[in-house]
Amino acid sequence: MANRWTNKLTRADVTPENVFLNRRKVLAGLGLGAGAAAGLGGLALSGMPGAVQAQDADALEPNAWEEITSYCNYYEFGTNKDDPARNAHLLTTAPWSITIDGLVEKPGDYALDDILGQMTIEERIYRFRCVEAWSMVVPWNGFELADLLALAGVKPEARYVAFETVYRPEEMPGTRYPVLDWPYVEGLRLDEAQHPLTIMATGIYGKTIPNQNGAPIRLVVPWKYGFKSIKSIVRITLTDSQPPTSWNVAGPREYGFYSNVNPNVDHPRWSQATERRIGGGLFARRVPTLMFNGYEDEVAALYDGMDLRQNF
Ligand SMILES: Nc1nc2c(c(=O)[nH]1)N[C@H]1C(S)=C(S)[C@@H](COP(=O)(O)O)O[C@H]1N2
Ligand SMILES: [Mo]
């Protein structure tokens with residue numbers, strides 16, 4: 001199934017997970033890294049640890065399930081990358097509902113099961129780029145946020161969408177620490193939220209999304225830094241003014257509202273020109289960071305005439 005929003009990647013391009021993992025084992029047995037597999041797909045491989053290599057959409061290979069689900073950021077469960085995988089089982093994810101309110105025609109509590117009954121789940125293979133300069137490629141399963149907003153009926157005065165993560169101190173040991181102002185909140189401009197690349201994800205690799213990755217439902221905005229992709233959402237509010245966002249409140253000089261992936265605008269404390277692609281076998285592969293994380297053709301028009309350094 002051709003899908004323009006995956007940058008030419010389609011279901012047929014996804015190596016089934018078991019084959020993918022087996023191939024890595026086979027290649028390891030032959031003394032070849034997984035990078036060599038990418039070489040077969042047309043990616044030049046220098047073999048130099050830390051070498052910066054070209055990003056080729058056709059050579060994008062999804063990270064392994066193990067990588068995606070064990071190296072996580074979900075501060076409500078702790079700030080180390082392996083804390084979420086260890087602690088997130090404490091979160092009760094069923095039953096689940098999302099309150100949709102603010103400037104909508106039909107405000108209310110929407111049961112997740114009812115929402116899913118009206119959505120078609122599809123696969124989207126997206127680059128995922130954390131502001132900390134690591135990245136993965138993730139085969140998400142989900143539906144377009146625009147379809148969910150349409151269920152509630154967006155009023156013409158609405159200009160922004162605010163999101164909120166569930167806040168349950170008794171199930172979320174990390175919230176004992178004032179790392180962020182809980183609950184975790186995020187926001188998008190309405191046109192960003194309604195863009196067809198923006199999805200609500202409920203799965204990875206065709207399986208139910210693990211708690212540490214934001215079960216039962218999380219946002220994925222692939223052209224923005226990972227922290228915009230808020231997890232375990234319980235409230236979506238349509239507003240007429242820009243909503244506060246957790247990381248911007250915590251560090252306004254370092255994290256802006258837009259947070260579009262941009263190799264030309266560095267974080268005050270590190271470069272954003274390249275990123276460390278998690279996994280990849282023997283070598284820690286550094287690749288150049290792409291403008292809008294490689295989705296420039298699809299999203300650049302959203303920011304026409306805007307100073308992206310000012311609006312970082
Ligand atoms: N509620 C909540 N959502 C969150 C986070 C968080 O700590 N809490 N971390 C963000 C960050 S910084 C990133 S990079 C991604 C990580 O998603 P992953 O763990 O599924 O890779 O989730 C984002 N969403
Ligand atoms: Mo992140």
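A polar contact, as used here, is a pair of N or O atoms within 3.5 Å; within protein, one atom must be able to donate a hydrogen and the other to accept it, and residues adjacent in sequence count only if both atoms are side-chain atoms. Good morning, colleagues. The model is predicted, with local features needing pLDDT of at least 70 and side-chain atom pairs counting only at pLDDT 80 or more, while totals for chains, interfaces and linings use all residues. Residues are numbered from 1 along each chain as its sequence is written, chains are lettered from A and ligands numbered from 1 in the order in which they are written, and side-chain values use heavy atoms, leaving out hydrogens and water.

I begin with the ligand. There are 17 residues around ligand 1, and Tyr75, Glu76, Thr165, Asn213 and Lys231 come nearest; a residue belongs here if one of its heavy atoms lies within 4 Å. Glu76 places a polar side-chain atom 2.8 Å from a nitrogen atom of ligand 1. For Thr165, the distance from a polar side-chain atom to a nitrogen atom of the ligand is 2.9 Å. Lys231 instead approaches an oxygen atom of ligand 1, at 2.7 Å from a polar side-chain atom. The protein buries 97% of the 530 Å² that ligand 1 exposes when taken alone (Shrake-Rupley method, 1.4 Å probe).

I turn next to aromatic pairs. Rings of Phe, Tyr and Trp (its six-membered ring) pair if their centres lie within 6.5 Å; planes under 30 degrees apart count as stacked, over 60 as edge-to-face and the rest as tilted. The count is eleven aromatic pairs. One of them, Tyr126 with Tyr295, is edge-to-face, with 5.8 Å centre to centre and 75 degrees between the planes. This pair links distant parts of the chain, 169 residues apart: Tyr126 is in strand 3 (residues 122-129), and Tyr295 is in the loop between strand 12 (285-288) and helix 9 (296-299). Helices (H or I, at least four residues) and strands (E, at least two) are DSSP runs, numbered from the N terminus.

Finally, the backbone. Most peptide bonds are trans, and most residues other than glycine have a negative phi. The bond from Ala94 to Pro95 is cis, with omega near 0 degrees, and Pro95 lies in the loop between helix 4 (83-87) and strand 1 (97-102). Tyr205, not a glycine, has a positive phi of about 55 degrees.
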